[in-house]
Amino acid sequence: AAGTLASGRNVGMMLGIGLAGAILTSYIVHDPVAGLLKGIHSGYFAAFLIAIAGIFLGIVKDRKQDHA
């Protein structure tokens, strides 16, 4: 069980780093100076949206288990 949880955690970290790097790179390619801050801001915003979606899904799942 611990190995499965660790693997899931590592996959999640790698996907997060990959997504943030892709977002950052897409802004830096067009404008290296201003693109850095815009890319970092967009990366954080994407992470925020994913976290909000996770919170929402956790609440919905918890409510379904309470009614079952």
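Contact means that heavy atoms lie within 4.5 Å. The structure is a predicted model, in which local features need pLDDT of at least 70, side-chain atom pairs count only at pLDDT 80 or more, and totals for chains, interfaces and linings use all residues. Residues are numbered from 1 along each chain as its sequence is written, and side-chain values use heavy atoms, with hydrogens and water left out.

**Exercise 1.** Determine where Ser 42 lies, whether Ser 42 is buried or exposed, and which residues Ser 42 touches.

*Solution.*
Step 1. Helix H2, residues 34–67, contains Ser 42; helices (H or I, at least four residues) and strands (E, at least two) are DSSP runs numbered from the N terminus.
Step 2. The relative accessible area of Ser 42 is 18%. Buried means under 20%, exposed over 50%, and partly exposed in between, with a 1.4 Å probe and protein chains only. Ser 42 is therefore buried.
Step 3. When residues up to four places away in sequence are not counted, Ser 42 touches Ile 23 and Tyr 27.

**Exercise 2.** Classify the accessibility of Ala 6 and relate Ala 6 to Arg 63 in sequence and in space.

*Solution.*
Step 1. Ala 6 belongs to helix H1, residues 2–30.
Step 2. Its relative accessibility is 24%, so Ala 6 counts as partly exposed.
Step 3. Between Ala 6 and Arg 63 there are 57 residues of sequence separation and 27 Å from C-alpha to C-alpha.

**Exercise 3.** Describe the form of the protein chain from its helices, radius of gyration and span.

*Solution.*
Step 1. The protein chain has 2 helices and 0 strands.
Step 2. Its radius of gyration is 17 Å, well over the 11 Å given by the globule rule for 68 residues, so the chain is more spread out than a compact globule. The radius is taken over C-alpha atoms, and the rule is 2.2 Å times the number of residues to the power 0.38.
Step 3. Along the principal axes, the C-alpha trace spans about 55 × 30 × 10 Å.
Step 4. Of the 68 residues, 9% count as buried.
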